[in-house]
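Student: I have a chain open in my viewer and would like to go through the terms used to describe it. Could we take them one by one?

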Amino acid sequence: MKLSLNWIKKYADLPADLTMAKLSYDLTMSTVEVEDAVSLADNLAGLVVGRILTVEPHPDADKLRVCTVDVGDPAPSTIVCGGVNLAPTQLVAVAKPGAWVKWHGEGDPVEIKPAKLRGVMSFGMICASGEIGLAELFPTTRHSEIMDLSDFEVKPGTPLAEALGLDDIILEIDNKSMTNRPDLWGHYGMARELAAIYKCPLKPIEAAEFTGMTEELKVEIKDTERCARYAGLVIENIKNVPSPFELKSLIWRVGMRPINLPVDITNYVMLATGQPTHGFDRKHIAGGIYVRRAYEGEKLQLLDGETLDLTTEDLVIADEKSPVGLAGVMGGKLDSILDDTTELILEVANFEALGIRRTSQRFDVRTEASARYEKSLDPQRVDDAVAIAVEAFKKYFPEMRITAHTDVYPRPLERARVEVDLGFLRRRLGKDISSEEIVGILSLLGFKTEVCGGSLLVEAPSWRSTGDISLPDDILEEVARLMGYENFEFSPPTVLLDRAVNQRVPDMERAIREYLAFRCNMQEVFTYPWIEDEFVAAAGTDTAEMLELSTPPAPDEAKLRSTLVPGLLKAVSTNIRYFTDFRLFEMTQVFFNRNFHSVSEAAAEAGELLPEMARHLGGAFVGGDARQLFREAKGVLEYMHRAAQMEPLGFAQLKKPLWADEKLWVNVMKGQEMIGSLALVSPKCAKASGIKRSLAVVFELVVEKLVPLPSRQNEFTHLPEYPLADFDLSIVFDENVAWSEIEAIARKAELVRDVKFIDEYRGAQVGEGRKSVSFRIWVGSDGGTLTSEQIENVSKQVVKKIGKKFGGDVRGAQ
């Protein structure tokens with residue numbers, strides 16, 4: 001937000017020796033962050049008012065003129081200019097040599113230097129408004145039209161900033177730092193804050209007086225929850241004319257575009273007090289004003305031309321026939337201030353913040369008014385806005401008359417009251433501060449304070465009673481910031497380090513990430529929590545368990561992920577355009593639609609109905625060989641417990657995921673509990689996800705189900721004293737025989753030290769429904785080196801045990 005320092009000084013008598021550096025620092029330290037302080041005079045440095053003495057044709061250019069201009073120097077300056085509206089005696093803006101302007105209003109600023117233009121020396125530049133950043137104050141109707149200042153009574157040579165009253169400093173305030181301070185969204189509120197900081201006088205706003213009303217304006221608030229107060233004035237004898245430069249300049253300085261005098265007055269009131277106002281053409285309002293919910297099917301055309309289809313959730317300003325404005329957001333195009341308006345109804349109202357925000361977001365209409373209403377304005381501010389509006393209309397329309405004034409206030413604001421223990425304040429401040437000092441500080445901010453024993457009974461002013469002040473800590477903050485945070489001495493906390501804290505879960509999660517990234521060569525990805533509908537549908541995710549965003553980033557991205565699979569499918573689809581073989585993983589939160597019946601009564605009463613969340617680990621292996629990818633992924637999960645120091649995982653086929661291939665899938669188990677799945681992405685799912693020319697194996701498991709171990713539980717084993725011997729076996733099994741079963745039987749044979757899987761084969765040579773499994777066995781003895789006969793006996797023993805276990809003929813043994 002932009003604020004004019006000169007405007008603030010109209011209300012607060014700031015110290016004469018106050019520098020901008022000091023003001024910016026103090027305001028940032030105590031209240032809000034000052035991002036910048038821009039001097040308008042510095043931006044117009046080197047620009048003066050000049051009076052054209054003569055205008056002659058250029059001897060060598062039809063579109064150029066040679067002018068002699070009085071710029072306040074002892075001798076006139078010769079300036080070559082292409083302006084189409086040059087005339088003798090005209091006052092113009094002149095950039096003297098050394099000034100910086102934007103050539104034709106475009107590009108970066110350039111420095112003006114004496115130069116020869118088509119053979120004639122030119123000592124400066126006669127400027128168009130767009131070339132010096134004043135296009136909105138001095139709009140042009142023709143190309144190459146220079147800025148005409150003939151309406152200003154100033155001497156040639158006067159600095160342009162002084163001549164236009166632009167010797168002002170604009171404070172740029174960070175909006176986020178003012179979110180919880182609606183009282184600061186206006187010049188008077190900021191002046192009040194600075195008056196408290198510097199203990200200087202604040203000019204009060206005198207209440208408007210209404211006498212001699214000749215008519216009655218009917219105002220009825222039908223929804224008092226959404227509208228706490230509505231004041232309306234009928235003002236006659238006005239015109240839709242351009243604003244005087246003084247008013248246009250004030251509005252323009254703080255970032256708003258001047259429109260016409262009646263509208264500019266309403267904007268002036270908003271910028272002064274922070275209270276939005278709006279004007280309706282009296283002739284277009286049938287009967288009175290009704291603040292109500294819209295009827296289903298009603299339409300409203302806004303000032304910007306957009307036509308809205310209203311719902312019963314929208315609060316509107318209506319007459320007896322139809323809506324004339326979207327409450328707190330924007331007025332209607334057909335009923336607001338028009339070209340022929342001579343009588344208006346001025347609206348000064350207070351609307352509920354949440355309702356305005358929802359309406360503004362639903363229709364994607366953001367205005368200066370809605371931005372302020374969303375901060376929870378206090379209804380008492382209506383009085384200040386009415387007073388300043390009446391004063392402004394009287395100033396700029398001396399013949400105007402107020403013929404009606406209605407103020408409906410069904411829900412008066414209750415001021416916030418907080419009881420604070422003095423001992424609490426002193427302990428938290430770290431200072432032995434007296435109750436008199438605390439009362440004095442709070443009174444500067446408008447708080448009423450009563451000392452009652454060892455406590456303070458604090459009543460907040462109206463402008464701080466809309467949610468900003470509610471706790472003893474809020475009073476603590478007010479006292480501390482007015483004392484100045486820089487005035488508190490730093491007291492380092494006493495920390496006793498008696499023993500190391502073993503955080504097993506965070507250590508396990510970090511170890512998992514390092515294992516997957518460094519040892520398994522997988523890339524970690526970070527995806528958005530909202531998921532496109534096409535990937536949700538591709539994964540077959542149950543949308544009933546998914547939460548939806550009320551204001552999604554895109555219409556098809558409203559659902560929050562309840563599983564990582566759709567996000568992994570999108571990541572694969574995105575990267576597969578550039579790579580055909582890659583590995584990636586993600587460990588993050590998922591969200592579920594909470595079963596409200598399982599919420600505790602205390603949480604329900606407190607409104608603590610946060611989404612149910614869990615941490616999941618997901619990964620994807622992409623390449624051309626499905627079985628190889630599946631084995632790699634399964635191996636990564638199978639050996640993860642070693643690297644992450646956690647309980648090992650198992651595998652079983654219990655429940656096939658909807659996105660999985662019909663055959664190549666398993667569930668990830670922790671003991672007897674299923675905690676995830678690993679599978680090849682089915683052709684249907686891959687097609688729906690845009691995965692082409694490569695295959696993908698995806699896994700997902702619940703991180704909260706992983707159990708970190710207190711130690712690695714390693715067992716000491718002697719290195720073999722004699723060398724081990726190894727041999728390979730290839731045996732044909734039925735398709736349904738699992739490797740884990742084969743491995744367990746082989747390890748039971750005498751002298752067997754280790755067994756490792758090598759490969760498996762399916763084809764015509766082994767028959768349908770059969771597979772050939774190749775594995776390697778290491779054998780050894782502590783008594784000596786094994787002979788070839790002993791090794792052969794072990795081989796026969798393994799084959800015999802496997803044949804006995806799995807029955808019948810064991811073919812293909814070698």
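Student: What makes up the lining of the largest pocket, by class?

Tutor: In this predicted model, the lining has 19 nonpolar, seven polar and 16 charged residues. Ala, Val, Leu, Ile, Met, Phe, Trp, Tyr, Cys and Pro count as nonpolar, Asp, Glu, Lys and Arg as charged, and the others, Gly among them, as polar. Residues are numbered from 1 along each chain as its sequence is written. Local features need pLDDT of at least 70 and side-chain atom pairs count only at pLDDT 80 or more, while totals for chains, interfaces and linings use all residues; side-chain values use heavy atoms, without hydrogens and water.

Student: Why is this called a pocket and not a cavity?

Tutor: On a 1 Å grid over the protein atoms alone, a cavity is a set of points where a 1.4 Å probe fits but cannot get out, whereas a pocket is an open set with protein on both sides within 12 Å along at least five of seven lines. Lining residues have an atom within 4 Å of a point. For the largest pocket that gives 42 residues, with Phe630, Lys634, Ala738, Trp739 and Ser740 nearest its centre. About 1,700 Å³ of space lies in this pocket, the volume being the space filled by probe spheres set on grid points joined across faces, edges and corners.

Student: Which element gives the most to that lining?

Tutor: α18 does, with nine residues. Helices (H or I, at least four residues) and strands (E, at least two) are DSSP runs, numbered from the N terminus. Among the other elements that each supply at least two lining residues are α21 (739-747) and β33 (660-670).

Student: How do you know that β2 and β12 pair?

Tutor: Two strands pair if DSSP finds at least two bridges between them. β2 and β12 (residues 169-173) have five, in the antiparallel sense, so they pair by that rule. Asp36, for instance, has Glu172 of β12 as its bridge partner, and Val38 has Ile170. Three bridges also join β1 to β12.

Student: What makes β1 and β2 edge strands?

Tutor: The open sheet has the order β1-β12-β2, and β1 (2-4) and β2 (34-39) each pair on one side only.
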